[in-house]
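Please work through the exercises below with the sequence and the model side by side. Each task is followed by a solution that goes step by step.

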Amino acid sequence: LNAGTEPVALRSFAANAYNTPNGGFAAATEEEPPTGPTRWVDYPGDSFVLEPGELREQPFTISVPPNTAPGQYVTALVVRTEGEVELPGVSVFDHVIRGAVSIEIMVPGSIALEFSLGDPEVRLDSAMPVLTVPVHNTGNVMVFPEGEVMVTTPDGEQVLTSDVKMGSVYGGGSTEIRIVLPEQLPVDEFLLSADLTDAATGTTASIEAAPVAVVDPEVDAPLFQVDAVGVTPIGEPVRYADVTATITNNGTGIPTASIALVVQRDGEEIERYPLADNQALPEGTTKVAHRYIPADDWEPGTWSFRLVVTSVSDGTETALATIDVA
């Protein structure tokens with residue numbers, strides 16, 4: 001239905017469907033040759049003008065070839081503006097407006113539910129590092145994997161945790177989990193583990209301690225460093241400790257970070273004390289100063305400390321720096 005006040009020139013066509021990163025539906029362009037179930041759709045491309053208030057119905061048929069293997073097949077119908085149109089108030093550029101709807105075709109027979117995870121990789125995408133984990137649906141119906149991805153050092157120290165909730169992954173198709181990382185992530189060798197489940201069916205897939213490397217971005221200066229960390233006892237006997245640190249961010253500003261003090265007594269961790277939550281770390285230098293008093297007072301023993309700086313974004317927590325303090 002054209003809800004505007006001017007006629008609109010449109011074009012409609014059948015198109016191949018595919019999965020986007022992190023799952024979900026997308027439709028190809030008309031220029032891409034039809035494959036698979038798109039060939040089953042009798043829906044020739046058509047150009048027309050839709051008048052204001054006009055509703056246009058376009059019938060089509062689907063013919064599934066004999067002996068097609070059981071399973072779920074997905075294709076798409078697309079309608080787009082014929083050429084670019086102006087969107088007042090949106091930008092100075094004209095746009096092609098496009099809408100798509102998926103067609104899901106179920107061929108009866110044996111159902112196979114199975115998906116797997118591939119080798120993880122960190123790669124640069126638009127100058128930002130992106131963690132990717134391939135997802136392959138080796139079954140014949142769509143799944144919606146969800147769960148958690150965790151990255152650790154070879155010693156088991158946690159570097160990243162991310163909640164994953166994917167859109168649809170089509171039967172026989174592949175896509176990838178894609179997690180944008182802070183560019184300040186340390187260059188190192190890490191291990192990735194993931195455990196995902198399709199909630200509707202209970203189908204699971206996992207990987208354990210798969211190696212993944214963050215390579216040197218070849219910058220002139222370190223993107224992220226923590227200097228002048230100090231924990232100074234005040235009073236005799238000790239009443240509190242002054243905690244100070246200087247953080248230098250030579251990369252893109254980090255909107256939300258957390259800064260915590262991990263406290264140990266005689267080698268045993270007793271608490272993780274938050275020095276700053278929801279802390280912005282803009283480009284440049286940020287100084288942190290905080291007073292620490294333990295929850296159970298200063299018990300006799302040898303106290304040691306570790307400063308941890310973590311970036312927090314969209315369900316992903318990434319440790320950017322861990323500094324031991326005597």
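This is a predicted model: local features need pLDDT of at least 70, side-chain atom pairs count only at pLDDT 80 or more; totals for chains, interfaces and linings use all residues.

## Exercise 1: Charged pairs

Arg80 forms a salt bridge with Glu82, and the closest N and O atoms of the two are 3.7 Å apart.

**Solution.** 

1. Begin with the whole structure, in which a search finds eight salt bridges.
2. Next take Glu30, which forms a salt bridge with Arg80, the closest N and O atoms being 3.9 Å apart. This pair links distant parts of the chain, since Glu30 sits in the loop between strand S2 (25–27) and strand S3 (41–42), whereas Arg80 belongs to strand S6 (residues 71–81), 50 residues apart.
3. Then consider accessibility: Arg80 counts as buried because its relative accessibility is 18%, and the cut-off for buried is under 20%. Glu30, with a relative accessible area of 28%, is partly exposed, and Glu82, with 37%, is partly exposed as well.
4. For a further pair, turn to Arg123, which forms a salt bridge with Glu121, with the closest N and O atoms 4.0 Å apart. Arg123 is partly exposed at a relative accessible area of 27%, and Glu121 counts as partly exposed at 42%.
5. Finally, salt bridges that share partners join Arg11, Glu30, Arg80 and Glu82 into one network.

## Exercise 2: The surroundings of Ser12

**Task.** Decide whether Ser12 is buried or exposed, and state which side chains it meets in polar contacts of 3.3 Å and 3.2 Å.

**Solution.** 

1. Locate the residue: Ser12 lies in strand S1, which covers residues 8–19.
2. Apply the accessibility criterion: Ser12 has a relative accessibility of 1%, and therefore counts as buried.
3. Examine the side chain, which is joined to the side chain of Tyr43 by a polar contact of 3.3 Å and to that of Gln58 by a polar contact of 3.2 Å.
4. Widen the view to contacts in general, leaving out residues up to four places away in sequence: Ser12 touches Tyr43 and Gln58, and also Pro44, Gly45, Asp46, Phe48, Val78 and Val79.

## Exercise 3: Tracing a sheet

**Task.** What is the order of the strands in the open sheet of eight strands, and which are its edge strands?

**Solution.** 

1. Write down the order, which is S17-S16-S13-S14-S24-S23-S20-S21, with antiparallel pairing.
2. Identify the edges: strand S17 (203–214) and strand S21 (268–281) each pair on one side only. On average, neighbouring strands of this sheet are turned by 15° against each other, direction ignored.
3. Follow the pairing of S16 and S17, which is antiparallel over 10 bridges, and in which Phe190 stands opposite Val212 in S17. Four residues lie between the strands of this hairpin, where Gly202 takes a positive phi near 80°.
4. Go on to S13 and S16, which pair in the antiparallel sense over eight bridges, with Val149 opposite Ala194 in S16.
5. Close with strand S20 (residues 254–265) and strand S23 (residues 303–313), which run antiparallel and are joined by nine bridges; here Gln264 stands opposite Ser304 in S23.

## Exercise 4: Nonpolar cores

**Task.** How many residues does the largest nonpolar core have, and which element gives the largest share of this core?

**Solution.** 

1. Count the members: the largest nonpolar core has 27 residues, and those with the most contacts inside it are Leu117, Leu131, Val149, Ile177 and Leu192.
2. Assign them to elements: among those that give two or more residues are strand S12 (128–137), strand S13 (145–152) and strand S16 (188–198). The largest share, five residues, comes from S17.
3. Inspect Val149, whose contacts beyond four places in sequence include Leu131, Leu160, Ile177, Ile179 and Leu192.
4. Compare Val151, which is found in strand S13 and is buried, with a relative accessible area of 5%. Among its contacts outside four places in sequence are Leu131, Val159, Phe190 and Leu192.

Methods: Residues are numbered from 1 along each chain as its sequence is written. Side-chain values use heavy atoms; hydrogens and water are left out. Buried means under 20% relative accessible area, exposed over 50%, partly exposed in between (1.4 Å probe, protein chains only). A polar contact is a pair of N or O atoms within 3.5 Å; within protein, one must be able to donate a hydrogen and the other to accept it, and residues adjacent in sequence count only if both atoms are side-chain atoms. Contact means heavy atoms within 4.5 Å. Two strands pair if DSSP finds at least two bridges between them. Axes are lines fitted to C-alpha atoms, for helices over the stretch in contact, and angles run from 0 to 180 degrees between N-to-C directions. A nonpolar core is a set of buried Ala, Val, Leu, Ile, Met, Phe, Trp, Tyr and Cys residues joined through side-chain atoms within 4.5 Å. A salt bridge is a side-chain nitrogen of Lys or Arg within 4 Å of a carboxyl oxygen of Asp or Glu.
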